Amino acid sequence: MAGLRYGGDYNPEQWPEEVWQEDVALMREAAVNLVTVGVFSWSRLEPAPGEYDFGWLDRVLDLLDANDIQVNLATPTASPPPWFGLAHPDALTVTADGVRLTHGSRDTYCASAPPYRAAARRIATTLADRYGKHPALALWHVHNEYGTWCHCDHVATAFRTWLTHRHGTLTALNDAWTTSFWSQHYSDWSQITPPRKTQYLPNPAQALDFRRFLSDEMLACYREQRDILRPTGVPVTTNFVFGGWVPVDHRRWAEEVDLVAIDDYPSGNPEEGSAFAADLARSWARGRPWLLMEQAAGVRYSGGRMIPKPPGAMARHSLQHIARGSQGAMFFQWRASRGGTEQWHHGMVPHAGPNSRTFHEISALGRALAELPRHTPGIAAKVAILWDYEAWWAQQSPGLPAPDLDYLNSVRQAHRVLWRHGITPDFAHPSDDISPYEMILVPSLYLISAESAANLTGFVRAGGTLIVSYFSGLVDEHCRVHLGGHPGALRDLLGISVDEFCPLTEPVPLTMGLTGTIWTEHIRLTSADAFAAYPDRTPAITRNRHGAGTAWYLSTNLDDDGYAALLTAAGLPAAITPPGVEIVRHRDGTVYAINHTADTISGIAPEPLLPGGFAVFNDLCHRPAQT
Amino acid sequence: MAGLRYGGDYNPEQWPEEVWQEDVALMREAAVNLVTVGVFSWSRLEPAPGEYDFGWLDRVLDLLDANDIQVNLATPTASPPPWFGLAHPDALTVTADGVRLTHGSRDTYCASAPPYRAAARRIATTLADRYGKHPALALWHVHNEYGTWCHCDHVATAFRTWLTHRHGTLTALNDAWTTSFWSQHYSDWSQITPPRKTQYLPNPAQALDFRRFLSDEMLACYREQRDILRPTGVPVTTNFVFGGWVPVDHRRWAEEVDLVAIDDYPSGNPEEGSAFAADLARSWARGRPWLLMEQAAGVRYSGGRMIPKPPGAMARHSLQHIARGSQGAMFFQWRASRGGTEQWHHGMVPHAGPNSRTFHEISALGRALAELPRHTPGIAAKVAILWDYEAWWAQQSPGLPAPDLDYLNSVRQAHRVLWRHGITPDFAHPSDDISPYEMILVPSLYLISAESAANLTGFVRAGGTLIVSYFSGLVDEHCRVHLGGHPGALRDLLGISVDEFCPLTEPVPLTMGLTGTIWTEHIRLTSADAFAAYPDRTPAITRNRHGAGTAWYLSTNLDDDGYAALLTAAGLPAAITPPGVEIVRHRDGTVYAINHTADTISGIAPEPLLPGGFAVFNDLCHRPAQT
Amino acid sequence: MAGLRYGGDYNPEQWPEEVWQEDVALMREAAVNLVTVGVFSWSRLEPAPGEYDFGWLDRVLDLLDANDIQVNLATPTASPPPWFGLAHPDALTVTADGVRLTHGSRDTYCASAPPYRAAARRIATTLADRYGKHPALALWHVHNEYGTWCHCDHVATAFRTWLTHRHGTLTALNDAWTTSFWSQHYSDWSQITPPRKTQYLPNPAQALDFRRFLSDEMLACYREQRDILRPTGVPVTTNFVFGGWVPVDHRRWAEEVDLVAIDDYPSGNPEEGSAFAADLARSWARGRPWLLMEQAAGVRYSGGRMIPKPPGAMARHSLQHIARGSQGAMFFQWRASRGGTEQWHHGMVPHAGPNSRTFHEISALGRALAELPRHTPGIAAKVAILWDYEAWWAQQSPGLPAPDLDYLNSVRQAHRVLWRHGITPDFAHPSDDISPYEMILVPSLYLISAESAANLTGFVRAGGTLIVSYFSGLVDEHCRVHLGGHPGALRDLLGISVDEFCPLTEPVPLTMGLTGTIWTEHIRLTSADAFAAYPDRTPAITRNRHGAGTAWYLSTNLDDDGYAALLTAAGLPAAITPPGVEIVRHRDGTVYAINHTADTISGIAPEPLLPGGFAVFNDLCHRPAQT
């Protein structure tokens, strides 16, 4: 149990049984020790209502067990079989424009539909009963990538119930949603629906509450299954998938899983993307174990293209996660599918078979990781970036003052600049205890509640450095503007007041050699002073002493170098790693150094230990920690 | 009553009553004398069917009255409350593909649904009864921005009735719609539907008649309310909104309102856009009073961005309207909303409050306008541009020979070139009495009836100058091609015949140093001569003496300078104003001069009277008129 | 009967009868001898259910007969009248997202709906009875451009029946469709639906089978009518329309028509496009007669624009078809429609009337063609390009590794390069007898069955030259990957094995001065040798001796010159015609030479015989054949 997890999604039901023998032989060759089984197998486990076929799964688990490969057994509830929707058409997804979807892909179900919930509980119970004590079982994996929207009447009913808990009274809801605008005042709970297709733009507060509701509703689905599975004594999790369209608040869900698990399909620079995903997962896990449960074998996705990962990339990306506390590295999927929609998504064993670069790398990586211990001692981050799903969702409202305001871009820039500086930041929620940090970055956090604003104020007062970017702190938890000069929630803390925004279509030069894009604001200084200015000499970047700390405000968008210069001015230490080398330090002295360049970096690692060109220096391993 | 109207939409129902006191104090500071109340307040006035709550509105009107602020009281029928659609699902909008919309935005109703019509009459009657004699009441504002499409069965029924009035017999309809094409012949009125989603492209004549029907159907809605409100003795209007998607013929509606009122949210160059909107409104009003009822406070909209209006712009744009006969300048809205979809749309009092550039300008503008009298003596335009909604709608048909034919672009160019020349043109309908004009511009007027063509011919015969642009006069009022050489309706008048069009993807050089884009034609001269030619020496621009006048034809698209050169060649006087200075002359000698530049213009105005940098010279005011 | 067919779609029902007299006079002037009548006339023939009005059609056919113009009489089943859908709403098209379409365009029906089938049989029977012996009748034209999708319950039922015939057992279907992926296993036939709107991407095998089904279902519609019409003794056909969205396998349909007939609306270079369409039709006809039944009169379509055909183009394009065996040249349509959706689609008689360039050319062309005999002796092609609709459809699957893989582009390039070389290739199906050819081009043929692969292997073994382009031979007839190294179906034949693809966003230089775009592969040579290489020295183009022949593989996309160089290296003779001159040779010695340039080409034709600048040299005509 001390070693790292290594493996991937294994779908033996897609293959004749004679292939299984080759599978386990190759798994052993690659030092695979954990595979995820059964994710989309409902239609094979329960081919007709109440008729089960577990024989094949029995044989798979026994075969794996006989080969010392453990199992992450999934409940198959992410994709009900065709018979399910035909028996329960009211449990199929309905789009915002009223189209009831048909089976034929995956994820076609409604999380609020009682027949779906009952069927999900039933299959989970059956699996718990049958496999709860199987010697191969190491982990329960509930469902897959929760994130399905539905707008049907079941959802409407559940949404209303959820709203009564959230708002208490209709009066409170009408106030929170500002329903006096456009004649949307509700005089009865029954008048409230999900945000279905309507004549023009929807109410942003309703849209935000609907996302919160969907997150909680799917969490209830998860909890139901978890509570069925937990009595087996095996830990339970589900894999988090990241995306702007996913109505799931993973930070809140993290409290409900025994092991935070993520899927990572990075966009943009894959190295920074991996670090970003791993830092998010690590932050959600709050020092507890977590696991990279899916990453792509062999290829990455970019602009609709499947681009081969260069030699060593699978190892380097896996290590980025492990360095941040992942208990292993898992892939989607073991063997590339022969047919089906994702037949070109590659596998640890590609279509070409084991005699392929991909499998050779997979195999070498597995054997190398087998030499490493699991390691979760934690990282003592001094810098945090504020991350809040609700703020992200609120920033997807219609009717914002500019089309290129993008919370994720701002967050990714903040993380990227720190990553290039060799700093491993935490992601903190605005309501978290942030007193341990020295510096907090607030990249375009549109929504901040009064309570969170007070939290940030306390942080600065106690000596912290806060760096707030444009389009932050404008609305409260109900998408209502904090009145008075902007940014209302942080105005006093920042010592400024803004009465006008000016979106840009062309860059604008600032003093200090900086350049602003996307956005500018007309700042009036109340107690802050100007650090950089626009061509009309009005302030562009301000700083305000508050208590023992300083609150900076950046009223425009900078490029990475400009943002880095701002952080440096605010006290961030200069970069401490050679370019392309990623350093992750742990409290216990362990240092992971990952060389993303093609060169041998002297002074960091005398020689690469693993195919990806990385080294681990650990006191426990009696190797000297280095900087 | 002699002064200008100044104010905006006032939505006190969005605010606690303690804010109202500040509102009226600020209104007085800004010399506001008219506010539009109640536009989207149905759900607050009638929170449940038949249950009314007028207390708040009573208090608002009394408060305004006590502060000498008059009220433009709206009927709230543009946005029924949530309960309405639930009680009458058949009165909710249905899209062309059959989706019945849900409340949750605004404008979700069907103008043909009897329950909607009854509910609208009921609330209008209730308001008339309660407030018809209120001392603050100055104007009734019916609904808001009529322009909603619906394709439901109520609409189908009403459409059929309308068609029987328009066409009389099925035979006439089949002929008008050319239903022999693609087997669309109707053998019974019941077979006719709105243009719902069908397999491929729709029938253009059906689509055009459907827009005409929608315009008439919504006009019937308006008339019902107007006839309920008129007995109060207070004038009645509704605000016209401009857009290619709006199925409303404002020229015809103008005859039904006591005061033409428009909303103006200009795109492109905002100064030219304001002049364009004001000239349209003035032309629709035909010498009667009219009013700019909405313009954006503080910002303009461009490419999804809300761009601050530069200092003085609100004043200059307001004056452009007033110079053309608007009885005042109104804004959307008084106080920027705290929540709701349009929370970022700015207000006369922005989120930052009265201590803001926007409110300072609003306040200065109101006080300055209070010094000016209302002025509607009229402008004696010598030049008219033909404007016809039906031709615009017809040019939105599928299957035209090129994708970049754009009526509005052509009209805007004609207007823009005149505006830069210091000429204030009328917009005339092709069937209007056009004998007062010296020059008529016909920019890409696809649809011209035989009667209108005769009207234009009479104009030229009597000595007028007609300048017709490409893609004009091709189809009749039923979208049927005028046969023979193109442009069939104007062929003899122009002295040419065209048998081939050639859309362009690249510019083509003409003689006279001109350049053609988008479109060319193969012209055969019958009685015209060539003014400019294509590289193959065929005519590009022609002129034809006809009776005492001249008819020009431009068979391609020119840039602004080229079009201006053509107008000059056709007899338009050279530009008479300094660049950036807009001059509007009235019959009574009043001259409005608006300086859109940042410079002081000598010779126009010795000093700016108002923040926007404009001056009014008026004999009545004993100031000399200038050119 | 010996002469060529000349004419077009004639829609007299759109015109008053007085126009008909001018029509036939002009037809005689233009030597028109065949017109297509009745294509969209159902609503005029049967204005109400069971009520017929044949008077007008009687008069039309008699008038044509009296003027020696023969008739291609259409059944009007492509566009049921408005009354039909109202009487049988279950026979209207349903989209994938469940919208039932409304009449108002054309083609709004469901091919699987029993009421539609019955109505279609009834009108066909009525026409056969009434006109089967009419002296003007020369050809029956069933329907128009079959190609309509529907997803309704009638379709679901028919699809299931079709699937039982195709797959036999559910087990076989589950295996073929790889339903073990994403829990799509079917346990009962009733669970299978058309690929309706679902949550995410659909199953590619299901989508492919659905296209096959639609092709067969519409073929059944055609056969029903054909079998009603054939007893009249007049040949029966239907016009094939070409497009990626058309679910019709014209190669298979060609066996069911008495005369292959196509519509040709070329995109891209219109000369190459015409040659491409004509070579496809000729190949589908397999030596039997065929007919160009529609081409655009006067204009071509490009980017939404209707561009005039330059002088001579109608003649040259017509001759390209005739040179390849078309029995004539027909246009859409005789007289440009006055109204309706396609009123701008031009006609042989345009809106401007007969005094127009278009009609002058039409008339001259007709008189010139009257001098030519029909000619179907055949072309003995040495080179074939593989063409398979199923492979095209399969390549439209979601989830491919790159977005710019485009089968049609690859095929068009192969054809274009041959055409420029003066070579007239056949299009062969992978399962055809290909032994007569010397060289076979396989442009990006994604789907190849094992049987077809064996066929290609036999071809090479016997001495043939095979040139396979990237992204070929990857999946079988059920869209399942041929396992092992790619391209699985052809791996041994090509002597290579590929385990990784790398889509490109930038061009990559190859050796031999070539440049690759779109795509590259990582090739391992097994028995082939490298002909050209990538910058990393891995093979880019390979050749493998196999038996008496050679199999080439091109693993990237080349430009036309590069592809031509490859073909030359593989043994294609150098270009043998002057640039711009198209040569088509027949077994009997006839040579058609078509001069697409504006110059007189010496040595080819002493003088142009026809307006389009082409010449026919034919032994039968006692003119010397030339090269």
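**Note on a predicted model: chains A, B and C**

1. The UniProt annotation "domain: Beta-galactosidase trimerisation", from an unreviewed entry, covers residues 381–571 of chain A; UniProt positions are given in the numbering used here, feature names are shortened, and annotations may be inferred rather than shown by experiment. Over residues 381–571 of chain A the chain is 24% helix and 28% strand, and the end C-alpha atoms are 15 Å apart, where helices (H or I, at least four residues) and strands (E, at least two) are DSSP runs, numbered from the N terminus.

2. This is a predicted model, in which local features need pLDDT of at least 70 and side-chain atom pairs count only at pLDDT 80 or more, while totals for chains, interfaces and linings use all residues. Residues are numbered from 1 along each chain as its sequence is written, and chains are lettered from A and ligands numbered from 1 in the order in which they are written.

3. Also in chain A, A:Tyr131 belongs to helix α5 (residues 114–131) and is buried, with 22 other C-beta atoms within 10 Å. (A residue is buried if 20 or more other C-beta atoms lie within 10 Å of its own, exposed if 12 or fewer, and partly exposed in between, with C-beta atoms placed from the backbone.) Leaving aside residues up to four places away in sequence, A:Tyr131 touches A:Leu61, A:Leu73 and A:Leu137, contact being defined as C-beta atoms, placed from the backbone, within 7 Å. A:Leu61 is 70 residues from A:Tyr131 in sequence, yet 9.0 Å from it in space, C-alpha to C-alpha.

4. In chain B, ten of the 14 residues of α14(B) are buried, so this helix is largely enclosed by the rest of the structure. Among the buried residues are B:Tyr407, B:Arg412, B:His415 and B:Trp419, and the elements that cover the buried residues include α10 (270–285), β12 (383–386) and α17 (560–569) of chain B. After α14(B) comes B:Gly422, whose phi is positive, near 80 degrees.

5. In chain C, strand β2 (residues 34–37) is covered on both faces, with C:Leu34 and C:Thr36 buried on one side and C:Val35 and C:Val37 buried on the other. Strand β1 (residues 5–10) of chain C pairs with β2(C) in the parallel sense over four bridges, pairing requiring that DSSP finds at least two bridges between two strands. β2(C) also pairs with strand β3 (residues 70–74) of chain C, in the parallel sense and over four bridges. C:Leu34 stands opposite C:Gln70 in β3(C), and C:Gly7 stands opposite C:Leu34 in β2(C).

How values were computed. Contact = placed C-beta atoms within 7 Å.
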